[in-house]
Amino acid sequence: MAVNKDAYVKIKAELERKNVVLVAVSKTKPVEDIMELYQMGQRDFGENYVQELQEKQAALPADIRWHFIGHLQSNKVKYIAPFVYTIQGVDSIKLLKEINKQGVKLQRNIDCLLQVHIAQEETKFGFDETELTEAIVLAQSPGMHNIKLRGLMGMASFTEDMAVVRNEFAFLRKLFDNCNVNYAAAFDVLSMGMSGDYSVAVEEGSTMVRIGSLLFGARDYA
Ligand SMILES: *Cc1c(COP(=O)(O)O)cnc(C)c1O
């Protein structure tokens, strides 16, 4: 399926009015599709798989801001650390330490978002509230200067029930505000909302949405 340029123009305008950043999620999609949106001015793209991201980064313009939004294994941080713009799915202390270590090696500060588990499904990754606090305190400790925590990321439950989704987003927004008030976290990015629920996310205070299928069409994992 081709890139939906009309949807892009419409969504982009809507989000710009509300000061929300659009990350175009291009996982499984060819570089030609990414270039189509690039030529329309899009610079923030999201990818879930390390090898796929490496290949696309090498093939595409250097000013693309790559957001890693998948589950990242610690032993693979080194492959994306030199160029990644933000690692959004930081979901363990171990991963946080590894990102910092690679940042030290590269003399680079790497922007990170902590992923919070807000959905009902067990399968989704992310910190709970207690672990989140530990991660923030760790990131503020000496020796962790090469990561910069910018905020939080979350995925709502996979359900048609928008009241459930809204509640989860509202909860994440509250956590985000609490991080700033209680831990002086200086967070400025709250990444929540995808194709099916971004409007609700924006209503609940999202500052960044990650949209794939509405822009690039359905994904084929076959
Ligand atoms: C794939 C993915 C998206 C985009 O999903 P769509 O429903 O296609 O918009 C957003 N966030 C994460 C973490 C994803 O893995």
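## Basis

Two residues are in contact here when heavy atoms of each lie within 4.5 Å. The structure is a predicted model.

## Helix α1

Helix α1 covers residues 5-17, which makes 13 residues. From its first C-alpha to its last it reaches 18 Å, close to the 18 Å expected at 1.5 Å a residue. Its buried residues are A7, Y8, I11, E14 and L15. Looking down the helix axis, these buried residues fall within an arc of 140°, so they line one face of α1. D6, K10, E16 and R17, on the other side of the helix, are exposed.

The buried residues of α1 pack against several elements: β1 (21-25) and α2 (31-39), as well as α8 (198-203), β8 (208-211) and α9 (213-216). At the start of the helix, the backbone nitrogen of D6 has a side-chain oxygen of N4 within 3.4 Å. Just after α1, N19 has a positive phi of about 60°.

Strands β1 and β2 are parallel and are paired over two bridges. V25 has G46 of β2 as its bridge partner.

Strand β2 spans residues 44-47. D44 and G46 point one way from β2, F45 and E47 point the other way, and all are buried. In general, side chains of a regular strand alternate between the two faces of the sheet.

Four bridges pair β2 with strand β3 (residues 65-68), again in the parallel sense.

## Strand β4 and I87

I87 belongs to strand β4, residues 86-90. The relative accessible area of I87 is 0%, so the residue counts as buried, the limit being under 20%. With residues up to four places away in sequence left out, I87 touches F68, L72, I80, I99, I110, D111, C112 and L113. Among these contacts, I110, D111, C112 and L113 fall within strand β5, residues 110-116.

For a distance along this part of the chain, I87 and Q102 can be taken as a pair: they are 15 residues apart in sequence, and their C-alpha atoms are 13 Å apart in space.

Strands β4 and β5 run parallel and are joined by three bridges. V90 has L114 of β5 as its bridge partner. Together with helix α5 (residues 93-106), the two strands make a right-handed β-α-β unit.

β5 also pairs with strand β6 (residues 147-154), in the parallel sense and over seven bridges. Within this pairing, Q115 stands opposite M153 of β6. The chain goes from β5 to β6 by way of helix α6 (residues 129-139), and this β-α-β crossover is right-handed.

E168 is a residue of helix α7. What is the relative accessible area of E168? The value is 9%, and E168 is buried because that is under the 20% limit. Leaving out neighbours within four places in sequence, the contacts of E168 are I118, A119, Q120, A156 and S157.

A186 sits in the loop between α7 (162-183) and β7 (189-192). Is A186 buried or exposed? At 55% relative accessibility A186 counts as exposed, because the cut-off for that class is over 50%. A186 and D6 are 180 residues apart along the chain, and their C-alpha atoms are separated by 36 Å. D6 is also one of the exposed residues of α1.

How values were computed. Residues are numbered from 1 along each chain as its sequence is written. This is a predicted model: local features need pLDDT of at least 70, side-chain atom pairs count only at pLDDT 80 or more; totals for chains, interfaces and linings use all residues. Side-chain values use heavy atoms; hydrogens and water are left out. The expected span of a helix is 1.5 Å times one less than its number of residues. Buried means under 20% relative accessible area, exposed over 50%, partly exposed in between (1.4 Å probe, protein chains only). The arc is that of the directions from the helix axis to the C-beta atoms. A polar contact is a pair of N or O atoms within 3.5 Å; within protein, one must be able to donate a hydrogen and the other to accept it, and residues adjacent in sequence count only if both atoms are side-chain atoms. Two strands pair if DSSP finds at least two bridges between them. A crossover is right-handed if, with the strands pointing away from the viewer, the path from the first strand over the helix to the second runs clockwise.
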